[in-house]
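Hi,

Here is the structure I promised to pass on. Have a look at it first, and then read my notes below.

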Amino acid sequence: PPAQAQQAGVEIDIQREFLGLGGIVQPGVWTPVRMDLTNTGAESVEVHCRWLLTDEDGDELVSERPNITLQPMRPLGVWLYATPPMATRPNQSWVFQAVNAQNGELINQVTVQLTDSGMADQSVNLVGVCGFKGMGLNPWLRWSTHHEELRLVRGLSLESLPDRWYGLDSLSSLVWMPNEGGEPTDNRMSDSTKRALREWVYSGGHLVIVLPYAGQQWSSADSGLADLIEPIKPDAITPARARAPISVFGVLRNTDAVALNWFDLSNAPGYTALAEVDLSTGPSALTPSANPPTPNLKPLIVGKRFGFGQVTLVGLDLSNADVLKSIDAFRLHRVWTRIFSWRASKSGELLPNSEFDSPQTRNQYWETKDAQQVELGNWMAGRVAREGETGPAIGLAFVLFVIYAIFAALTFPNLLKTKGWQRHSWMLFVGIVALFSIVAWGGAWVMRPITTSAAHFTVLDIDGNTNMVRAQSW
């Protein structure tokens, strides 16, 4: 572990994969860090867990979870949350402390240093993966496939997700796959973590569930998350198998011997079909006919809105070896274009490296790193900082200074010289200074705020379909 210490009976451990979400820290975004605490003493102790860092102004910022009770020799993970400043750079250090809740004494602390590989720029699109397999996502990591850089946060699991929804705020999407992603019915997934996952979806997150061929637990009453895939019931998810000829994503395959293993999600009321399989492309459909067969469409991928977010069910077990063979046979890399609405090219196809590397093709596409980036939220910074409110006072002071300079440097010296009163110049100078001082102090007194000025600025995001409102205030 990168940081470990033992003192006064409490051991603090910050594992690298829990320094940020999946070990990734994104400056300017809510960042979770898990402190693993072990009370090595013989009696229970109550502590305050603290994370010390600096804010945008360089002032010390403390994130705290108070009154945590540690039982003897029973490890406990405690999540802390903060927003690192945009100026956060690799090799900076954060301090984590365990403080006695009774007397405020420092029991133990560790210092953790950030690394370059564990940081991501705010412009990077982070997609979490509950598991370690690529599931066909690796080709999309190439710059040419997006208008923004994509990075996969692998190795997540349901049991180890943060217990507050804003701990997932850095992710645009979370992909759950069977076997490696954990199970919602596992007792290691706490109720607070389930609540956080649900709130993250309703706040705008995209949860992608890759359905397994056996042992699907999401719709179970014990999962605590069955409402996220309602109204689908276990008996509505039925395995299906089809061989070529078959049309998938508009591509007709009539020579592949590999069967497509998938789930028939027809009994999913309330869900929108994002991709369908056309089973009507039998031998008769391959020959011209005056009466073409009616398409027999079966939903392969379905999605449903929940608040500002979405849950997508994928009827292909992308962790299954036979399905991966089917993907190669049916060119089903398009599965991710349908799930995320990605457009790599005009046709929606991934360009082979050989084609993209040719100058004729390459000139038709922008590299993300070469494209001009525009920050759409620039208009908000001035509102939050209340820019322009002191302009009139500063302008009045400037005008007063100009008038003083004209009188002191030009008007009165010429007047004294004309009247022959040069011997009174010092007296006149003192009078001018006194006069303008009175005017300046009087103007400041008149313009002083009588009461405390407080402004409340809120950005509202309204979903017209569900009438849900999300607010962010300053």
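Cys-49 has Arg-65 as its bridge partner in strand E5. Before I go on: this is a predicted model, where local features need pLDDT of at least 70 and side-chain atom pairs count only at pLDDT 80 or more, while totals for chains, interfaces and linings use all residues. Residues are numbered from 1 along each chain as its sequence is written, and side-chain values use heavy atoms, with hydrogens and water left out.

Back to the strands. Strands E4 (residues 45–54) and E5 (residues 60–70) pair in the antiparallel sense over 9 bridges. Strands here are DSSP E runs of at least two residues and helices are H or I runs of at least four, numbered from the N terminus; two strands pair if DSSP finds at least two bridges between them. Another bridge partner in E5 is Thr-69, which goes with Glu-46. E4 and E5 form a hairpin with 5 residues between them, and Gly-58 in the turn has a positive phi of about 85 degrees.

E4 also pairs with strand E7 (residues 93–100), again in the antiparallel sense, over 6 bridges. There, Arg-50 stands opposite Gln-97. Put together, 4 strands make an open antiparallel sheet in the order E5-E4-E7-E8. Its edge strands are E5 and E8 (106–113), each of which pairs on one side only. From one strand to the next, the twist averages 20 degrees (axes are lines fitted to C-alpha atoms, for helices over the stretch in contact, and angles run from 0 to 180 degrees between N-to-C directions).

How enclosed is E4 by the rest of the structure? Largely, because 7 of its 10 residues are buried (buried means under 20% relative accessible area, exposed over 50%, and partly exposed in between, with a 1.4 Å probe and protein chains only).

Now the salt bridges. I count a side-chain nitrogen of Lys or Arg within 4 Å of a carboxyl oxygen of Asp or Glu, and by this rule there are 7. One of them joins Asp-36 and Arg-34 at 2.9 Å, N to O, and both of these residues are buried.

Arg-188 is exposed, at 60% relative accessible area, whereas Asp-186 is buried at 19% and Glu-159 is buried at 17%.

Last, the second largest pocket, which holds about 300 Å³ of space. A pocket is an open set of points on a 1 Å grid over the protein atoms alone, where a 1.4 Å probe fits, with protein on both sides within 12 Å along at least five of seven lines; lining residues have an atom within 4 Å of a point. Grid points are joined across faces, edges and corners, and the volume is the space filled by probe spheres set on them.

Which residues lie nearest its centre? They are Leu-396, Ala-397, Leu-400, Val-439 and Ala-440, out of a lining of 14 residues. Helices H7 (391–419) and H8 (425–447) each supply at least two lining residues, and H8 gives the most, with 8.

Cheers
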